[in-house]
Amino acid sequence: MTLSHFEAAFLFALFVSVVMSITTKKSNKERLNYGVYCFVCFIVAVFGIGWAMKLGHG
Amino acid sequence: MAVSTTTQAEKAPPVPVASWIGPVAAAWLVPGAGHFLLKKTGRGMLLFMRGTMFKPEAGPDYLTSLINYGGFVSNLASGAMYLLSTMFGYNQPDLPGPVHDYGTKFLVTAGLLNVLAMVDAYEIAIGKKD
């Protein structure tokens with residue numbers, strides 16, 4: 001199985017968000033909110049840093 | 001009689017090792033197993049799925065892994081899957097290329113996430129967390 005860069009980053013964001021939400025929050029509602037928040041932050045960072053690198057390279 | 005103004009820090013009684021060593025060891029060996037032992041099935045399943053997706057591989061032997069990869073300890077934290085994959089030869093020489101680099105980072109991350117899972121299992125076992 002060969003993943004594209006985006007697919008790899010997507011899976012990375014998903015799994016890290018799941019584990020971080022499980023291990024840091026105490027209720028299921030908090031876990032869900034924090035997991036979604038982390039995941040969105042990861043994806044925003046993927047696109048933001050990706051575009052910054054593209055523009056930086058000219 | 002003077003009233004003592006000093007307050008003794010309320011120390012929680014020490015938690016016996018026997019109450020948490022099992023779940024923590026299980027959490028190290030198989031991701032999610034610590035939570036299963038503590039009857040936290042849902043969280044255990046999620047952690048196990050994450051552990052299964054990050055299939056560990058490393059160098060041809062433990063020493064080479066230690067020298068080649070700073071992430072050896074992190075790989076080792078993945079537990080039985082790392083040990084078994086190395087033991088049964090499901091590893092390959094270090095190859096150049098972005099896909100292999102993703103894999104290396106994933107494996108290191110998997111080990112570090114498993115450390116978080118072990119800490120979580122420990123806290124549940126000692127009653128600090130539900």
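**Figure legends for close-up views**

**View 1. Helix α1 of chain A passes helix α2 of chain A in a right-handed crossing.** A crossing is called right-handed if the near helix is turned clockwise from the far one by less than a right angle, and left-handed if anticlockwise. The model is predicted: local features need pLDDT of at least 70, side-chain atom pairs count only at pLDDT 80 or more, and totals for chains, interfaces and linings use all residues. Residues are numbered from 1 along each chain as its sequence is written, while chains are lettered from A and ligands numbered from 1 in the order in which they are written. Helices (DSSP runs of H or I, at least four residues) and strands (runs of E, at least two) are numbered from the N terminus. The axes of α1(A) and α2(A), the latter covering residues 28-57, lie 8 Å apart at an angle of about 150 degrees. Here an axis is a line fitted to C-alpha atoms, for helices over the stretch in contact, and angles run from 0 to 180 degrees between N-to-C directions. The two helices α1(A) and α2(A) are therefore roughly antiparallel (over 145 degrees; under 35 counts as roughly parallel, 65 to 115 as roughly perpendicular and the rest as oblique). Residues of α1(A) in the contact include A:Ala9, A:Ala13 and A:Leu14, and those of α2(A) include A:Phe39, A:Phe42 and A:Ile43; two residues are in contact if their C-beta atoms, placed from the backbone, lie within 7 Å. By class, this contact of α1(A) with α2(A) holds twelve nonpolar, four polar and one charged residues. Nonpolar means Ala, Val, Leu, Ile, Met, Phe, Trp, Tyr, Cys and Pro, charged means Asp, Glu, Lys and Arg, and the others, Gly among them, are polar.

**View 2. A:Ala13 is found in helix α1 of chain A.** Helix α1(A), residues 5-24, has 20 residues and reaches 28 Å from its first C-alpha to its last, close to the 28 Å expected at 1.5 Å a residue; the expected span is 1.5 Å times one less than the number of residues. Buried residues of α1(A) include A:Phe15, A:Val16 and A:Ile22, where buried means that 20 or more other C-beta atoms, placed from the backbone, lie within 10 Å of the residue's own, exposed means 12 or fewer, and partly exposed lies in between. A:Ala13 counts as partly exposed because it has 19 C-beta neighbours inside 10 Å. Apart from its neighbours within four places in sequence, A:Ala13 is in contact with A:Phe39, A:Phe42 and A:Ile43. The C-alpha atoms of A:Ala13 and A:Val40 are separated by 8.5 Å, although these residues are 27 residues apart along the chain.

**View 3. The contact between the chains takes 17 residues from chain B and 13 residues from chain A.** On the side of chain B that touches chain A, α3 (41-53) and α7 (98-125) each supply at least two residues. Helix α7(B) gives the most to this side, with ten residues. The residues of this side of chain B divide into eleven nonpolar, one polar and five charged. The axes of α1(A) and α7(B) come within 10 Å and cross at roughly 5 degrees, and α1(A) and α7(B) are therefore roughly parallel to each other. Among the residues making this contact are A:Phe12 and A:Val16 of α1(A), and B:Phe106 and B:Leu113 of α7(B). The contact of α1(A) with α7(B) comprises twelve nonpolar, three polar and one charged residues.

**View 4. Within chain B, the crossing of α1(B) and α7(B) is right-handed.** Helix α1(B), residues 17-29, packs on α7(B) at an angle of about 160 degrees, with the axes 8 Å apart. That makes α1(B) roughly antiparallel to α7(B). In α1(B), residues including B:Trp20 and B:Trp28 meet residues of α7(B) including B:Met118 and B:Tyr122. This contact of α1(B) with α7(B) has ten nonpolar, two polar and no charged residues.

**View 5. B:Lys39 lies in the loop between α2 (33-37) and α3 of chain B.** B:Lys39 has a positive phi of about 65 degrees although it is not a glycine. B:Lys39 is exposed, with 8 other C-beta atoms within 10 Å. Chain B as a whole has seven helices and zero strands, and 34% of its 130 residues count as buried.
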